[in-house]
Amino acid sequence: MKSAISATPGKPRLTTSAMIASIAAEGQKTKPAPFGHALVELARSRLEVVGLTADLGKYTDLHIFAREFPDRYYQMGMAEQLLYGAASGMAAEGFMPFATTYAVFASRRAYDFIHQTIAEEDRNVKIVCALPGLTSGYGPSHQAAEDLALFRAMPNMTVIDPCDALEIEQIVPAIAAHHGPVYMRLLRGQVPLVLDEYNYQFKLGKASLIRDGQEVLIISSGIMTMRALEAAKELAGDGVDAAVLHVPTIKPLDHEAILREAGKPGRLVVVAENHTIIGGLGEAVAALLMRSGVHPAFRQIALPDEFLAAGALPTLHDRYGISTAEVARQIKGWLR
Amino acid sequence: MSTNTLVNAPTLPQRARNIRRNALRMGEVQGQGYIAQALDISDVLAVAYFHAMRYRPEEPTWEDRDRFLLSNGHYAIALYAALIEAGIIPQTELETYGFDESRLPMSGMASYTPGMEMSGGSLGLGLSIAVGMGLGLKRKGSKSRVFTLFSDGELDEGSKWEAMMSAAHHKLDNLIAIIDVNNQQADGPSKQMMGFEPLVDKLEAFGWFVRRVDGNDLDAVVAAFDAASSHPQPQPRVIVADTLMGKGVPFLEQREKNHFIRVEAHEWKLALAELDAEDRS
């Protein structure tokens, strides 16, 4: 029996339905459905683009594309194995399917179909999946805590974990320009807008130093880059100077940038990811550093290796150490 | 049918025998293989490649070809035998079957072999790919069709039934599935593993046009392919082919039925001799 989450004294008790369609914090700058709008933009010039989903068009922002291009939209029903097998077949006929569902269903239910019919056959399918990591309060059925580990382990799969709305808009044309299978984590609905303040440009396979700092280097992907940037501001208030290296492409990993930054002496290296501590960015970076003879002080911020609780996301992010406050608190503790 | 119409082309029975002979010779090369399945499906493959399908042997990726998806990848020995007979794979490669660096691995993969359109072997994949190809061909306005072969054992896989529903839902009249009912799975007779009868009723209830025939009666198989091709309604088509494991080699037909049939080293020559004796009779 799982113990209920105890409320933090002095904090209002939240409900699971809080933030159900968006991971944005209250008052945060957002853009609506960046993936859907970017795909529409792409599809105007790339006539081979088609959209497929397994009964989650509205919940993966693919409905924006469906509304604009109804005859290029394929509703495959609630059948994820079929979804990815059929996407392979359409790609074999020269189309570029963007096939959406939730990350749990693509990674855990349809894994063999993606492995054999898309990755092994080298089909040009873009697998775009909502609710990555811990971005749902529904419990393990909807929490894809291990999606990056599963897709990293698959040969010939490019794996991307975007931070915000701006990056999603940039990723869509970038992965279309890359021929081959891609797994992209999706943030849907009202998506936070963060990187616009940093003159950011996504490049496939490249990490990006978004903020420099002397005492700690945070290597992060996805929404954890947003958290890292917020935590860095908080840490600065306490006199701690933190750098943030954003690594949106989990595979292929940008070895050069990671070794360059982690190899600078005197900094604590912290890898922060919205993913189980097993097999994600943290272990990928750790293995790279070990293989390369680079040995900084090293810590991981990641989800624990356990079935996560149901509840409101802010509560869960605090509990599992991936909220801004928890990121800052842990780093301060390690520097002490 | 091949677009290269040959003068004095071999008859379908001769094609089927040649496919069986190619398969037996590959079995002999490896000393093993899914030879009983290859022998049971040779008549269906002869009709597919020398009566029903359009393709160019010298151009396996010709855009206007009919597609053939081998879902049951362990039947690769049978499809290679047909692809050799069709001139898509050179006869000389037969000797390389299952060897390191060969284009003819024991389980069929798209990335290895000309004319092999999917990587099968993990059973239950082919019909889903066929649905996507069928949708894609329609999107392109292509007249090409998608043929896909799978085994009765694959009916155990839930994904097959997802794809059955989908093909009917999308009215894929350019899709022709072939189910090899040889009633043999890895652990025993298919009907004892998970009962699938009444199969025709099931498939019809799922919205498919169905023909069930003796898969080793060439005339009946030709009629089934013709009916599937000419059926006017906008629905997917399936040929249920009841076949006999080891067909064409009497002592293998009578051997105790096994998924992976045992053939002694000296028996390959004997099998070829029996096949040739059948040919002359």
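This is a predicted model: local features need pLDDT of at least 70, side-chain atom pairs count only at pLDDT 80 or more; totals for chains, interfaces and linings use all residues.
Residues are numbered from 1 along each chain as its sequence is written, while chains are lettered from A and ligands numbered from 1 in the order in which they are written.

Let me begin within chain B, where the axes of helix α1 (residues 12-30) and helix α3 (residues 76-85) come within 8 Å and cross at roughly 125 degrees. Helices here are DSSP runs of H or I with at least four residues, strands are runs of E with at least two, and both are numbered from the N terminus; axes are lines fitted to C-alpha atoms, for helices over the stretch in contact, with angles from 0 to 180 degrees between N-to-C directions. The pair α1(B) and α3(B) is therefore oblique, given that angles under 35 degrees count as roughly parallel, over 145 as roughly antiparallel, 65 to 115 as roughly perpendicular and the rest as oblique. Among the residues making this contact are B:Ile19 and B:Met26 of α1(B), and B:Tyr80 and B:Ile84 of α3(B), where contact requires C-beta atoms, placed from the backbone, to lie within 7 Å.

A second pair in chain B, α4(B) and α5(B), has axes that come within 8 Å and cross at roughly 25 degrees, and these two helices are therefore roughly parallel. Here B:Leu127, B:Ser128, B:Val131 and B:Gly134 in α4(B) meet residues of α5(B) that include B:Ala163 and B:Ala167.

Turning to the contact between the chains, we find 21 residues from chain B and 21 residues from chain A. On the chain B side, α4 (126-140) and α5 (158-169) each supply at least two residues, and α4(B) gives the most, with 11 residues.

Finally, in chain A, helix α8 (residues 223-237) has 15 residues and reaches 22 Å from its first C-alpha to its last, close to the 21 Å expected at 1.5 Å a residue, the expected span being 1.5 Å times one less than the number of residues. Its buried residues include A:Met224, A:Arg227 and A:Leu235, buried meaning that 20 or more other C-beta atoms, placed from the backbone, lie within 10 Å of the residue's own, against 12 or fewer for exposed and anything in between for partly exposed. The buried residues of α8(A) pack against several elements of chain A, including β13 (268-276) and α12 (324-335), and α8(A) is followed by A:Gly239, whose phi is positive, near 80 degrees.

Terms used:
Two residues are in contact if their C-beta atoms, placed from the backbone, lie within 7 Å.
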